[in-house]
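Trainee: Could we go through this structure together? I would like to begin with the aromatic rings.

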Amino acid sequence: MNFHDIKSFDINSIDGNFIDNPYPVLENLQNQQPLHYNPDGSVFLTRYADIRSVYQDRSMISDKTETMQEKFGDSPLREHHTTSLVFNDPPYHTIVRKLLAGAFTPRKLAEMTPLVESIVDRILDDIDHNGPVEFVSDFAMRLPTEIISLMLGIPEQHRHLLRGYSLSILGALDPVVPQERLDAGNRAVEEFGVLLDELVEHRRKNPEAAGPGEVLDALIFGEVDGRSLNPRELIQNCIFLLNAGHETTTSLMSNALGILLDCPDQYRLLAQNPEIVDTAVEEILRVESPLQIGNRLATEDVKLSCGTITAGTYVHTSIAAANRDPDQFHTPHAVDFTRTPNKHLAFITGIHVCLGATLARIEGRIALQKLVTRFPNIQIDGKAERLPLARFRGFHKLPVRIH
Ligand code: HEM
């Protein structure tokens, strides 16, 4: 499907062409139908100003109980996605967010920085300088997996399972999901839940055994206004934190290398001027946002620049389109590692703004800076494969040769 006639675009039936390169279709929608109705009555928004307004509007809610019930029935996936804070609203959202926020205080993040540096050094030491490297498994996923595992106390022998779990659980959120992917998602929630149950039980009995950077004890024992997480909330929010914390950051790393390979001038610029790494990471987040599409439900009529959305409408927000909106970004399709200002929406805005944004930025900056200064000449060495998902953008495989 090429969606040349933009009126026929349907987010519920996108295909591989769209997943490979969604930007031409998104640009057409932005120009011709910024308030686009899908056949199921939901709307698909593409303008920066509209998407920003949606995220800042408290009448646009995140609760997805009804859609999750319809999509997943009574299943582990429904239980997970309706209990995690991201698909809930105040007051439950506020309590869980405050409890998790204890894991991201400046003190905790300062504790993380030297850990990130030593993990990146170790990963780079492991890379075979002249041999073939599969960048996603050999580099991109290793740092986020190790960091989030340290935070939640996941022992080394279980870490190899995490990416599969994440992709299965998050992949079930795609607009189109075949039955085998639903089955895999349900299995992943169950298996992951059993593993976390054991870890929580162990930490309850041995709170003093928490390692550096670990925050599991804060989630188990933490209280906000006398309320702590019950066992179901604790497990489902830990699963969410694990997924949110490593899959998107893995994609940030793999998208970074994809962009470096596509834009050798920017690669040289960064290798010669590593001090621009902060703006480079923001630009990578803007042009290839790891989370491409968000959702909200309108509970009141909402007026936007592109028209009015009526109460009861399900809203898809194209973060990917917003981040390339020419009304907000000069030459939006060009990659410029020195771009400022760069108020992209990769972490959105409003009450659900990404809680791990600072950590993701720390990981991205340290990893990218060390990678390009140590290896100023990386080349593609085979066929790159994108993740087969519309909502999440990253690479499944990125074979390269490092000199
Ligand atoms: C480049 C990496 C990342 C990107 C692009 C990203 C993006 C996002 C986005 C767009 C949301 C909002 C979803 C919505 O409400 O519709 C979000 C929420 C969230 N993210 Fe991230 N994220 C990243 C890394 C992380 C990391 C490393 C962590 C934790 C270790 C994390 C934890 C969270 C949490 C807990 C929420 C839920 C916040 C809430 O509902 O109040 N994220 N993230």
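Trainee: How many aromatic pairs are there by the rule in use?

Mentor: The count comes to 5 aromatic pairs. The rule takes rings of Phe, Tyr and Trp (its six-membered ring) as paired if their centres lie within 6.5 Å; planes under 30 degrees apart count as stacked, over 60 as edge-to-face and the rest as tilted.

Trainee: How are the rings of Phe-9 and Phe-18 arranged?

Mentor: The pair Phe-9 and Phe-18 is tilted, because the ring planes stand at 50° with the centres 5.8 Å apart. Phe-9 and Phe-18 are both buried, where buried means under 20% relative accessible area, exposed over 50% and partly exposed in between (1.4 Å probe, protein chains only). Together with Phe-44, Phe-9 and Phe-18 form one aromatic cluster.

Trainee: And what about Phe-135 and Phe-139?

Mentor: That pair is stacked, since the planes of Phe-135 and Phe-139 are at 20° and the ring centres are 5.0 Å apart. Both residues belong to helix α8 (residues 135-140), and they are 4 residues apart, about one turn of the helix. Phe-135 and Phe-139 are both buried as well.

Trainee: Before we go on, what sort of model is this, and how are residues numbered and elements assigned?

Mentor: It is a predicted model, in which local features need pLDDT of at least 70, side-chain atom pairs count only at pLDDT 80 or more, and totals for chains, interfaces and linings use all residues. Residues are numbered from 1 along each chain as its sequence is written, and side-chain values use heavy atoms, with hydrogens and water left out. Helices (H or I, at least four residues) and strands (E, at least two) are DSSP runs, numbered from the N terminus.

Trainee: Which ring does the charged end of Arg-324 sit over?

Mentor: The ring is that of Tyr-23, with the charged end of Arg-324 at 3.5 Å from its centre. Arg-286 lies over the face of Phe-329, 5.1 Å from the ring centre. The criterion is that NZ of Lys or CZ of Arg is within 6 Å of the ring centre and within 35 degrees of the ring normal.

Trainee: Changing topic: which protein atom is a donor to the iron atom of the ligand?

Mentor: The single donor from the protein is SG of Cys-354, 2.3 Å from the iron atom. Donors are N, O and S atoms within 2.8 Å of the metal (3.2 Å for Na, K and Ca); water is not among the atoms, so sites may look incomplete.

Trainee: Where does Cys-354 lie? Is Cys-354 buried or partly exposed?

Mentor: Cys-354 is in the loop between α16 (319-322) and α17 (357-374). With a relative accessible area of 34%, Cys-354 is partly exposed. Cys-263, by contrast, counts as buried, at 15% relative accessibility.

Trainee: How many disulfides are counted?

Mentor: The count is 0 disulfides, a disulfide being a pair of cysteine sulfur atoms within 2.5 Å.

Trainee: Now helix α6: which of its residues are buried?

Mentor: In α6 (residues 92-101), the buried residues are Tyr-92, His-93, Val-96, Arg-97, Leu-99 and Leu-100. Seen down the axis, the buried residues of α6 fall within an arc of 160°, so they line one face of the helix. The arc is that of the directions from the helix axis to the C-beta atoms.

Trainee: What covers them?

Mentor: The cover includes α5 (76-83), α12 (216-221) and α13 (231-262).

Trainee: Where does Thr-317 lie, and what does Thr-317 touch?

Mentor: Thr-317 is in strand β8 (residues 314-318) and counts as buried, at 0% relative accessibility. Setting aside residues up to four places away in sequence, Thr-317 touches several residues, among them Leu-45, Ile-51, Val-54 and Tyr-55. Contact means heavy atoms within 4.5 Å.

Trainee: Could you follow up on Ile-51? Which helix holds Ile-51?

Mentor: Ile-51 lies in helix α3 (residues 48-56), and at 0% relative accessibility Ile-51 counts as buried. Beyond its neighbours within four places in sequence, the contacts of Ile-51 include Thr-317, Ala-322 and Leu-345. The C-alpha atoms of Ile-51 and Ala-322 are separated by 7.0 Å, although the two residues are 271 residues apart along the chain.

Trainee: Finally, how is Gly-171 placed?

Mentor: Gly-171 lies in helix α10 (residues 162-171) and is buried, with a relative accessible area of 0%. Leaving aside neighbours within four places in sequence, Gly-171 is in contact with Ser-166, Val-177, Arg-181 and Leu-389.
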